Amino acid sequence: MMRKAPKSAQALVTRRGMLLMGGAVLAVGGLGARMRQLQVKEAATYRLLAEENRMNLRLIAPARGLVLDRNGRALAENRQNYRVVIVREQAGDVEVALDKLARLIRLTPERREKALKEINQRSAFVPVTVIEHLTWEEIARVAANAPALPGVLPEVGLTRHYPQMEATAHMVGYVGPVSDSDLEKQETPDPLLQIPDFQIGKTGVEVRLESDLRGAAGASQIEVNALGRVMRELNRREGTPGRDLALTLDADLQTYALKRMEGESASTVALDVRTGEILAAASAPSFDPNAFVLGIGFDDWNYLRDHPYRPLSNKAVSGAYPPGSTFKMVVAMAAMEAGMLSADETVWCPGHYQLGNRRFHCWRRGGHGHTNLRDSLKNSCDVYYYDVARRVGVDAISAMANKLGIGVKHDLPVPAITPGLTPTRAWKQRTYDEAWLVGDTLNSGIGQGFMLASPLQLALMTARIATGRAITPHLVRAVDGRPVEMGDDPELGVRPVALRLVRDGMYAVVNDRRGTGYRSRIADPDVKMAGKTGTSQVRIITPEERARGVFKNKDLPWNRRDHALFVCYAPYDAPRYAIATIVEHGGGGSVAAAPIARDVMMHALYGPTPPLQAYPPGEREEIERQRKEAPPPPRPEPVADPAPGPAARDRA
Amino acid sequence: MTFLDPSHRQLPTGAAKLLHMNWALIVLLTAIAATGFMMLYSVADGSWDPWASRQMTRYGVGLAIMMIVGFIHIRFWRSVAPLAYIGGIVLLLFVEFFGSVGMGAQRWINLGFIQLQPSELMKVALVMALALYYDWLDPEKVSRPQWLILPIVLTLVPMALVLKQPDLGTAILLAAGAGVVMFMAGVSLWYFGTAIAAGVGLVTLVMKSRGTTWQILEGYQYKRIETFLDPSTDPLGSGYHITQSKIALGSGGLTGRGFMEGTQTRLNFLPEKHTDFIFTTLAEEFGFIGSISLLALYALVVVFALASAMRNRDRFGALLTTGIAATFFFFFAVNMAMVMGLIPVVGVPLPLVSYGGSAMLVLMAAFGLVQSAHIHRPR
């Protein structure tokens with residue numbers, strides 16, 4: 001029989017039961033209130049968080065803008081990049097899949113190792129690039145064997161290609177993968193840079209005009225799960241491709257200039273004097289930018305970096321050299337502007353210039369005798385310029401140099417542009433805490449000492465002398481088909497007589513039988529060239545050396561030989577082109593630099609095969625023989641709707 | 001006086017017992033379990049496999065067990081109470097030495113057809129033992145200290161074993177269930193006040209012990225408490241569960257995102273979505289209306305069970321029913337509070353809804369005891 005609880009105990013149970021129920025109701029009320037708080041009051045916040053959780057933006061890389069030359073020829077283009085990716089979860093045994101793949105295409109053990117490592121690090125559903133830059137044949141083999149290779153997918157992307165190879169490497173530059181330092185440079189990095197395998201400009205126009213070339217990212221809104229796997233695409237917006245840039249360069253002239261300098265460490269810059277357009281800016285030796293895009297090997301990189309001719313340096317704009325005798329026009333113009341020099345005035349050159357107990361030598365030991373302005377340029381008399389420089393002073397010389405574009409940093413979209421150097425009294429005091437000496441002025445008078453100029457600046461100086469206008473250099477001709485405004489440069493502000501006299505002297509340099517550049521003249525009676533040679537020392541000749549007479553260039557090690565320079569413009573009476581050539585440690589300007597500059601000038605004037613009559617009679621036979629041996633390649637097919645090239649226009 | 005005729009108060013026998021069962025409870029439990037089937041179907045991306053179909057089978061088995069247990073006279077269950085308690089302790093000791101390790105805790109005995117969790121059994125066995133003790137004890141004596149020693153020991157022994165596994169959640173549920181039985185039995189409120197004060201002191205001590213040589217809890221437990229207090233400190237680590245769970249709940253809004261439409265569930269942002277965190281899926285897909293309805297179902301189960309206990313003049317049956325109702329209450333309340341970020345994540349499933357075999361069967365058997373007490377209550 002069951003024991004029944006006493007009445008009082010039963011009452012207690014009821015009382016306590018009610019208390020319990022009350023407690024439970026309170027607790028349930030609390031839970032309900034919390035539900036209301038989360039699901040009604042704060043619902044909007046949490047809904048947003050849930051959306052953020054599941055949505056993901058995947059960026060679509062835009063096609064990089066093309067870089068074209070002035071005739072529409074591609075300097076940098078986008079090529080299809082065939083690559084093979086592998087998806088672990090579809091591939092089954094990854095090692096077996098890679099072995100099968102290696103039978104179809106060349107897969108180095110290092111590449112295989114690297115791919116395996118990455119495959120194992122990433123999630124199973126993430127495609128990992130095994131190998132890229134395959135040929136069409138290779139990718140076709142992979143595609144044809146697709147049924148036997150589950151999870152191994154042939155893919156196509158875009159990669160940069162430079163069809164002109166070495167020729168435009170320095171100016172156009174190259175692209176490469178985004179590095180950590182690229183990201184650090186920007187305060188708010190473009191999200192595009194996070195895309196794997198994205199290419200970004202590293203040097204040249206590619207880096208300086210990155211913002212034009214890159215374009216804007218497209219976006220694909222995708223739904224992802226907690227592991228990041230893409231479930232579906234919700235929305236897609238295509239990106240904006242980068243802008244196409246037409247440069248002022250003429251790929252043909254540029255290629256020719258580089259080829260003409262083969263074997264030298266040299267640079268040639270050619271300008272259109274009417275607009276300031278840079279038609280060629282070549283630095284020799286060069287390198288193949290495509291090697292950098294594909295990923296340059298350690299050995300190749302070391303070779304380029306350590307080569308004494310500095311192939312990676314863009315000497316045309318970054319190289320700063322003592323301008324030597326090519327600077328003499330500046331000194332003469334400075335003196336004439338200051339009213340300290342007239343055309344007929346002569347200086348006696350005994351072969352040296354005495355300053356106190358120090359003797360400044362003329363390049364010609366016997367001297368030039370009585371020398372006027374025209375002869376001083378024609379013969380490149382040093383003593384004349386010692387004298388003139390001393391009269392006018394370094395500050396006026398540097399001011400004139402600045403006016404002509406030396407010592408000024410020109411605004412071009414390539415990195416590492418040197419301003420050169422035009423010293424002044426104040427500058428020396430500031431920099432070296434030493435007083436300016438008269439000897440410094442004498443050295444400056446012949447473009448030596450502190451004075452430094454780049455090939456671009458020398459070409460620009462020549463163009464400004466030729467036109468009398470303050471030409472500004474241009475490298476970009478059009479952006480996305482819209483022409484960049486240029487030309488209409490102001491007058492230089494130099495008295496016409498000074499310009500005329502200097503031009504006359506430059507004419508004599510090339511066309512006078514005794515001129516230093518006579519051997520490199522253009523013999524066409526209708527087209528005359530004016531120029532100036534230069535030979536700049538890179539060392540100081542000690543009196544002992546001079547006494548021993550051992551300062552013949554060929555007896556010196558390469559890197560202590562003189563730099564050879566030549567500046568010129570043509571045609572003399574209606575200037576079109578200005579060219580400056582520097583051959584590092586090339587010896588005499590008339591021997592090493594002038595022929596190169598002349599040939600580039602001829603190429604610009606006449607196209608790839610100048611008429612024989614334009615060459616001096618002594619050279620014609622040799623040229624004819626060369627042409628028979630190796631006829632120059634025909635001009636490449638004209639591209640659709642080409643802007644007339646400089647050469648084409650000139651022949652018309 | 002015909003209404004005093006004992007024949008009116010006769011206990012039902014045989015099939016008549018079926019009529020005298022607490023049908024309200026059965027309907028409520030079935031409704032809750034059905035909600036569970038639906039959610040398991042949803043979290044499996046619209047598939048009866050692998051969870052929903054098995055859960056339904058188990059519920060069927062559980063219902064049968066409930067009937068059988070309910071039909072057996074409460075007298076029998078009182079007589080086996082000590083045995084159940086001793087059996088529970090033995091099984092706990094057994095898992096201590098031979099149990100399988102799952103989720104970092106020794107909890108299961110693998111019986112081949114089912115993963116038995118002795119701690120589940122223990123919750124019921126402890127309530128049975130305490131109900132028996134207070135049924136035997138003269139109600140006058142319940143508040144005397146010497147008569148408190150045995151129930152406290154009876155509670156502490158399984159608690160210690162469960163904590164050793166380590167399973168903080170179950171240990172708390174054991175203590176709470178035992179506490180409610182003692183409360184219902186009439187133990188003076190002063191003791192409960194003291195116990196609560198002592199509990200607060202213990203918590204302080206536990207927190208203070210962190211990093212000292214006498215550290216009381218495991219490192220991961222401190223970590224959980226810490227991230228509970230501020231989930232944002234570790235959004236991708238331990239705090240991830242709480243944060244994602246709250247996002248799922250909140251994004252459900254008033255009416256929910258629709259059945260099978262919850263993105264948090266679909267895209268696997270929710271942890272353990274078919275077990276401890278299944279409530280979040282319900283809340284995400286059916287919103288505030290869905291979650292408050294489930295809460296109401298649970299609350300009604302407790303109300304009906306407590307009402308049955310209060311009407312029951314059999315002290316054992318009343319105390320047993322109260323204890324089971326309390327255990328059930330703490331079960332769902334702790335789980336819901338946990339997923340809503342009110343208390344730390346302690347690993348308590350949502351009764352009848354979370355996927356899990358032994359928990360479901362033990363719970364149905366326990367409600368069988370409630371039915372037995374209800375059917376066989378003195379008339």
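1. A word on the model: it is predicted, so local features need pLDDT of at least 70 and side-chain atom pairs count only at pLDDT 80 or more, while totals for chains, interfaces and linings use all residues. Residues are numbered from 1 along each chain as its sequence is written, chains are lettered from A and ligands numbered from 1 in the order in which they are written, and side-chain values use heavy atoms, leaving out hydrogens and water.

2. Helices are DSSP runs of H or I with at least four residues, strands are runs of E with at least two, and both are numbered from the N terminus. Helix α7 of chain B covers residues 168–185, 18 residues in total, and reaches 26 Å from its first C-alpha to its last, close to the 26 Å expected at 1.5 Å a residue. That expected span is 1.5 Å times one less than the number of residues. Of the 18 residues of α7(B), 14 are buried (under 20% relative accessible area with a 1.4 Å probe, protein chains only; exposed is over 50%, partly exposed in between).

3. Now the meeting of the two chains. Chain A brings 39 residues to the contact and chain B brings 59, where contact means heavy atoms within 4.5 Å. About 4300 Å² is buried between chain A and chain B, with 70% given by carbon and sulfur atoms; this is the accessible area (1.4 Å probe) that two parts lose on being put together, summed over both.

4. The rule finds 1 salt bridge across this interface (a side-chain nitrogen of Lys or Arg within 4 Å of a carboxyl oxygen of Asp or Glu). A:E51 and B:R257 form a salt bridge, their closest N and O atoms being 3.0 Å apart. On the side of chain A that touches chain B, α1 (7–41), α2 (43–54) and β8 (218–224) each supply at least two residues.

5. Finally, two loop residues to look up. B:S209, in the loop between α8 (189–208) and α9 (219–229) of chain B, is buried at a relative accessible area of 0%. Beyond its neighbours within four places in sequence, B:S209 contacts B:W214, B:Q215, B:I216 and B:Y222. A:R514, in the loop between α22 (496–511) and β19 (530–536) of chain A, is exposed at 62% relative accessibility.
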